[in-house]
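Open the model in your viewer and keep the selection tool ready. We will go from stop to stop, picking residues and looking at what surrounds them.

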Amino acid sequence: MSDKPKVWVSRPLFADVLDYLARHVEVEVESEESTRTAAQLRQRLAVVDGAILGLSERVGADVLEGNNRLKVIANLGVGFNNLDIDAMTGAGVLATNTPDVLNESVADYAWALMLAAARRVGAAERWLRAGHWAGSAMRFDDWLGVDIHGKTLGVLGMGRIGQAIARRAAGFDMRVLYHNRSRLAADIERDCRANWVEKDTLLSESDHLILVLPFTPANRHAMGAPELARMKPSAVLVNVARGGIVDDVALAAALREKRIGAAALDVFEGEPSVHPDLLALDNVVLSPHIASASEDTRRAMALLAAENLLAALGLGQSAGHPPTPLNPEVMDRW
Ligand code: 8YV
């Protein structure tokens, strides 16, 4: 039997990242991503020193109960609403996430969704693939979308990803408004060419509104029926943040009744299920939570998670100093 620490990786990862881990620890990796109950997770985590998990694994006090071995959970994502940080701190387990390495790729993808929804790329492609183009008399005023250039971009949640989204707007000659609990420093606002406004103003003035808020209980349904009602009837709404920030049923109703123009969603309440009301609509672009999924970025996220995991176990090139800890105070108690 190996005397190396033992770690569990809950889904397939890049081979070179697994090789890096295997140089230092005994690794058990799942060959596919699957949903586990709290009891299954508790069992799995009871026999390892560390784990790399993803957003579909929820870790709370119930999962950690009686576990005296586990030291670290490295989450594959910047968001960590799947982890109960207080419960982890109470149990002496370090939590880490993967900030920054994904900012630019998520910003790229938010733009891809905004462009696709505004110019009806998904619906047009479905129509073409269904064979409707050949043989149809296409009209000059068919397939009209709304412009992006010269319009007003709104960003709700102006952290590092929000700022990366805003900076891209200069190339499209857009006016940029944002709302955040706290206003950004003047030099960052200048760099992003963005102006802070109240949330109501953001809702009513944005032609295109991108949500980049972290999920907290207070942000649940931050975009519900009352907020949607304030938007322009031509507006495009994009969510690359978290399911649950938008009330999906209220959004589907607003899209169906053309109270807003279009939407694009990468995240959903209760994902991987998508509400049937959304699936029934043509003016919404839907994607399966892939905003960070570029080759380079997913690799960088996996490597950062691996580095965090090893460092917490006193191994690897950052031994003892996990690069991006969420509750570093637990390390004082080890
Ligand atoms: C996911 C994300 O981690 O970083 C986050 O918070 O939501 C994404 O990058 C990724 O899609 C894997 O589920």
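Begin with the salt bridges: there are 21 of them. A salt bridge here is a side-chain nitrogen of Lys or Arg within 4 Å of a carboxyl oxygen of Asp or Glu. Side chains of opposite charge can pair when their charged atoms come close.

Before going on, note that this is a predicted model, in which local features need pLDDT of at least 70, side-chain atom pairs count only at pLDDT 80 or more, and totals for chains, interfaces and linings use all residues. Residues are numbered from 1 along each chain as its sequence is written, and side-chain values use heavy atoms, with hydrogens and water left out.

**Stop 1**

Select Arg 183 and Glu 189. They form a salt bridge, with the closest N and O atoms 2.9 Å apart. Glu 189 is buried, at 9%. The cut-offs: buried means under 20% relative accessible area, exposed over 50%, and partly exposed in between (1.4 Å probe, protein chains only).

Next, select Lys 232 and Asp 207. Their closest N and O atoms are 2.8 Å apart, in another salt bridge. Lys 232 sits in the loop between α10 (225–229) and β10 (236–239), and Asp 207 in the loop between α9 (199–205) and β9 (208–211), so the pair ties together parts that are 25 residues apart in sequence. Helices (H or I, at least four residues) and strands (E, at least two) are DSSP runs, numbered from the N terminus. Lys 232 is partly exposed at 26%, while Asp 207 is buried at 13%.

Now pick Arg 259 and Glu 257. Their side chains meet in a salt bridge of 2.8 Å, N to O. Arg 259 is partly exposed at 36%. Glu 257 is partly exposed too, at 47%.

**Stop 1: a network and a helix**

Select Arg 11, Glu 28, Glu 30, Glu 33, Arg 36, Arg 44 and Glu 57. Salt bridges link them in a network.

**Stop 2: a buried histidine**

Jump to His 208 in strand β9. His 208 is buried, with a relative accessible area of 0%. Leaving aside residues up to four places away in sequence, its contacts include Met 114, Ala 118, Val 146, Leu 153, Met 174 and Val 236.

**Stop 3: the two domains**

Colour domain 1 (6–99 + 295–333) and domain 2 (103–286). The bounds come from an automatic or database domain assignment. The domain centres, taken over C-alpha atoms, are 32 Å apart. Seven residues from domain 1 and five residues from domain 2 make the contact.

Terms used:
Contact = heavy atoms within 4.5 Å.
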